Amino acid sequence: MKKTNKFLTILMFMFLYLPMAVLIVASFNTGKDITDFEGFTLQQYVRLFQDDTLLGLLGNSLLVSILASFIATVFGTLSAVGINNLRPRMRSLVMSLTNIPMTNPDIVTGVSLSLLFVFLGSNLLGHKESLNFWTLLIAHVTFNLPYVILNVMPKLRQMDSSLTDAAMDLGCTPVQAFFKVILPEIMPGILAGAIMAFTMSLDDFVISYFVTGTGFITLPVEIYSYTKKPIQPKVYAMFTLLFGLIFILMLTMNLLQLRADKRKTENRAKTESKQMKLIKRAVAFACVAALLIGGGCLIFSTRQESITLNVYNWGQYIADGSDESLDIIAAFEERYPHIKVNYSTYDSNEMMYSKLSNGGITVDVVIPSDYMIARMINEGMLLELNFDNIPNYSYIDENFKGTAYDPDNKYSVPYTWGTVGILYNTKHVDEADVTGWELLWNEKYAGKILMFDNSRDAFGIAQFLLGYDINTTDKEQLQLCADKLYEQKPVVQQYVMDQVFNSMENEEAWIAPYYAGDCMVMMENNPDLAFYLPENQGFNLFIDAMCIPTCCHEKEAAELFINFLCDPEISGANMDWVCYSTPISAAKEYLSEDVVNDPVAYPDEEILKNGVSFAFLPEDISRYVEGLFMEVRNK
């Protein structure tokens, strides 16, 4: 029995810490593949400290975590003392209410806080941008408070309550009794709560995603957009340093606990004196650390430009300097040194629309897809462009002008275009089965098929397969499409968006519909993957375009940015990294020949004639389609 327990314990620790060991080893690897250790190097750490963007994001996260944990520790400790003095029934009730932020699903907490901040900021205070650094900090303090209270409460219950009465009998005021008697006794719990609050805050993504604005982004929110490209080894180095920091904090906490327990047997007066010194040192350390991190954040993530331009784009949808690419944002800021770009990302048109429509953020440039652009124009969410400030618009090919979503070319400038087809693994999928969209319903590959996790793309595939117009508003046809998607459900492994990258590259799945540009990235990472367009049945041909929303503060700077991205040389360098197709033929001169000649990126003109674009659907039809898709997903 003892041997079994030891084995299970060892197995548990391996399960918990082996992933961290792999990450740490990868941070010292000369190669980029974590499965192949080519040699030892510290170069990744050098690159990390040369990357102002990552250090700025890390500084943002540390700043929020330190301030939130410090504030939550102060208020949580005082709250715990107050709760401990309540009558048992009232104490139980208050503790139940206190635990709600901790037991509540993060997504519910994030959405509810976002709605609250937008309501207070926009409706009551009249702020154009309701979500910012302060809303992020308040949210982190909110969900950290229960962790501090839960760590402090046991120490208060263990403490002899007569000690406080004795101190007051000897002349202490209640405040003096708190600092001289209570605080030293509960200090281990306070430190444990502070460290837990710090780690929870540093790690948080879901709540931060909903309450953060465009001007202040934390590291977890940014890392979420890194799923489309292989993670750079310098990120592993940063994770290793963070793991080391947390490990040192936890080790320090346990050592302090051991020292505190040992000193309980010694002279109480000496213990109190030394513990008070420890408290003062801990408080001083926290304050100095907050100041240092705040200063570091200011150094790495802010500059003194007179204009700040907020750009809102899809994750990893612009060249960032990795893999020897051109850093587009840095190049723009170098050309226009008076403008600083705050770049933030989203993972779906619907998420972007939600944040813009509720007034929570301020955005100067946004890059939606065609059907969403039509919706935003229809709802008055976009400003007309001044093309005098966008002379490079002349480079846009004529077939990308006068589109159905913006027929008068007033509100948008094409950024990229592409197609939706099927990605499959040639090792596991029989070429004889590679015919049309019906491959996604093939029972032979049950459990290895992925499907879009958004209603428009999923219904579009069913509409092509059934021969319907992808922009139909006929509810009877839409119901038949839902039935077709429900028929597919038994063979679907999971419904995904950016998760498709890991699943297909690691061969956890063999078949998936997805966007051609992203498929090119996956094919580069796994040469066994191939892509095809069901040209005989039709396929989605989409355009993403640059627009200026009505919440814009810097319209002229936004038009400068759009014009910069339309420069053929810049567009070529950008699309060479993004892997999507450029609407500027002159930019192909700056693309690699492999990309220009790749039929995935640039299909034959005859094939493209079978492509169909999404149009804006009336609100009632959009809701109807979304409701049908949710029924399919949840049945």
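A salt bridge is defined here as a side-chain nitrogen of Lys or Arg within 4 Å of a carboxyl oxygen of Asp or Glu. By this criterion, the structure holds eleven salt bridges. The model is predicted: local features need pLDDT of at least 70, side-chain atom pairs count only at pLDDT 80 or more, and totals for chains, interfaces and linings use all residues. Residues are numbered from 1 along each chain as its sequence is written, and side-chain values use heavy atoms, with hydrogens and water left out.

Side chains of opposite charge can pair when their charged atoms come close. E398 is exposed, with a relative accessible area of 59%. Helices (H or I, at least four residues) and strands (E, at least two) are DSSP runs, numbered from the N terminus. R375, E379, E619 and R623 are linked in a network of salt bridges.

The side chains of K427 and D528 also meet in a salt bridge, at 3.8 Å from N to O. This pair links distant parts of the chain, 101 residues apart. K427 lies in the loop between β4 and β5 (449-452), and D528 in the loop between α20 and β8. D528 is partly exposed, at 24% relative accessibility.

N526 is placed in the loop between α20 (516-525) and β8 (529-532). N526 counts as buried because its relative accessibility is 6%. Residues up to four places away in sequence aside, N526 touches N425, M504, E505 and E507. Contact means heavy atoms within 4.5 Å.

N425 also takes part in strand pairing: it stands opposite L529 in β8. Two strands pair if DSSP finds at least two bridges between them. Strand β4 (residues 413-425) has 13 of its 13 residues buried, so the strand is largely enclosed by the rest of the structure. Four bridges connect β4 with β8, and the two run antiparallel. β4 pairs with strand β9 (residues 539-546) over six bridges, in the antiparallel sense. Within β9, I543 is the bridge partner of W417. V420 stands opposite Y515 in β7.

An open sheet of three strands shows parallel pairing, in the order β2-β1-β3. β2 (339-346) and β3 (365-366) stand at the edges with a single partner strand each, so one side of each is left without a neighbour in the sheet. Strand β1 (residues 307-314) and β3 run parallel and are joined by two bridges. Y312 stands opposite V366 in β3. Helix α14 (residues 328-335) packs on this sheet and touches β1 and β2. The direction of α14 makes about 160 degrees with that of β2. Helix α15 (residues 349-357) packs on the sheet as well, touching β1, β2 and β3. The direction of α15 makes about 145 degrees with that of β1. Axes are lines fitted to C-alpha atoms, for helices over the stretch in contact, and angles run from 0 to 180 degrees between N-to-C directions.

A458 is found in helix α17 (residues 455-466). A458 is buried, with a relative accessible area of 0%. Neighbours within four places in sequence aside, A458 is in contact with M451, F452, L485 and F629. A458 and Y495 are 37 residues apart in sequence, and their C-alpha atoms are 9.7 Å apart in space.

In helix α1 (residues 2-27), I10 is exposed, at 51% relative accessibility. I10 belongs to a nonpolar surface patch together with F7, L8, L11, M14, L18 and V22. The patch has about 670 Å² of accessible area together. Patches are made of residues with over 30% relative accessible area and no salt bridge; like charges are joined within 9 Å, and nonpolar side chains (Val, Leu, Ile, Met, Phe, Trp, Tyr) within 5 Å. Accessible areas come from the Shrake-Rupley method with a 1.4 Å probe, and for residues only the protein chains shown count as cover.

Notes. Buried < 20%, exposed > 50% of the residue type's maximum accessible area, 1.4 Å probe, protein only.
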